[in-house]
Amino acid sequence: MEPKQEEKPEWFAIRSRQDLRAEQELSGYCDEVLFPKEQVKVQGGKDRIRPVIPRVLFVKTNRTTILNLELKGREHPELNVPFWIYRYPKDKRIQVIPQSAIDLIRLLTAGDTTRCEIFNKKDFKENLHVRVTGGPFKGYQGYVQRVKKNKHVVVKIEGVCVIMLPFIHPDLLEIID
């Protein structure tokens with residue numbers, strides 16, 4: 001009889017109505033919890049922390065653990081935070097988030113998250129599939145989209161979120177067929 005192979009940790013996206021509490025609770029059960037937040041000024045000049053992607057957290061653990069935690073959160077009070085794992089819409093399997101997507105989220109939420117545009121090249125039309133060829137976003141692929149009248153490279157994490165990259169010079173983009 002073959003020994004049972006240990007499950008390797010993977011990234012999963014989860015949705016919770018109590019995202020701050022979920023971050024705290026799940027950090028004790030998962031290898032890692034990524035919940036990007038930013039500091040913003042509110043009326044009266046006070047600083048406030050708010051999520052970059054409201055109600056969405058990324059957790060690194062194995063499939064068995066995340067499925068058990070999802071069940072516990074719904075049926076047992078010891079976890080205290082109900083959440084739902086993102087699943088593929090067609091077959092309802094839980095969706096694994098690629099490490100490259102997690103790296104991109106970390107890169108974009110680590111410091112300055114200003115949104116800049118692609119400019120000076122007329123050949124980058126909307127919905128054009130492009131790859132970044134240099135700089136910190138080298139290797140990422142996305143689509144050119146208009147956002148507030150400016151062109152941006154948009155990277156989609158299927159069914160979870162869309163990430164708009166900050167400034168990328170047109171010379172660092174190549175068109176993908």
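**Close-up 1. Serine 16, in the loop between β1 (10-15) and α1 (19-26).** This is a predicted model, so local features need pLDDT of at least 70 and side-chain atom pairs count only at pLDDT 80 or more, while totals for chains, interfaces and linings use all residues. Residues are numbered from 1 along each chain as its sequence is written, and side-chain values use heavy atoms, with hydrogens and water left out. Helices (H or I, at least four residues) and strands (E, at least two) are DSSP runs, numbered from the N terminus. Serine 16 has 1% relative accessibility, so it counts as buried (under 20% relative accessible area; exposed is over 50%, partly exposed in between; 1.4 Å probe, protein chains only). Its side chain gets to the backbone nitrogen of glutamine 18 at 3.1 Å, a polar contact (a pair of N or O atoms within 3.5 Å; within protein, one must be able to donate a hydrogen and the other to accept it, and residues adjacent in sequence count only if both atoms are side-chain atoms). Skip the neighbours within four places in sequence, and serine 16 is in contact with Ala22, Arg55, Leu57, Val81, Pro82, Phe83 and Trp84; contact means heavy atoms within 4.5 Å.

**Close-up 2. The buried residues of α1.** In α1 these are Asp19, Ala22 and Leu26. Down the helix axis they fall within an arc of 55°, so they line one face of α1 (the arc is that of the directions from the helix axis to the C-beta atoms). Their cover includes β1, β2 (32-34), β4, β5 and α2 (63-75).

**Close-up 3. The hairpin of β3 and β4.** Strands β3 (residues 37-41) and β4 (residues 47-51) run antiparallel and are joined by 5 bridges; two strands pair if DSSP finds at least two bridges between them. Glutamate 38 has arginine 50 of β4 as its bridge partner. There are 5 residues between the strands, and in this hairpin glycine 44 takes a positive phi near 95°.

**Close-up 4. The largest nonpolar core, with 26 residues.** A nonpolar core is a set of buried Ala, Val, Leu, Ile, Met, Phe, Trp, Tyr and Cys residues joined through side-chain atoms within 4.5 Å. Here, Phe58, Ile97, Leu104, Ile157, Val160 and Leu165 touch the most other members. At least two core residues come from each of β1, β5 (56-61), α3 (99-109), β8 (129-132), β10 (150-157) and β11 (161-164), with the largest share, 5 residues, from α3. Apart from this core lies another, of 15 residues, among them Ile14, Phe35, Phe83 and Ile85.

Close-up 5. On α3, the buried residues are Ala101, Ile102, Leu104, Ile105 and Leu108.

**Close-up 6. Glycine 134, in the loop between β8 and β9 (141-147).** With a relative accessible area of 12%, glycine 134 is buried. Aspartate 171 is 37 residues away along the chain, yet its C-alpha atom and that of glycine 134 are separated by 8.8 Å.
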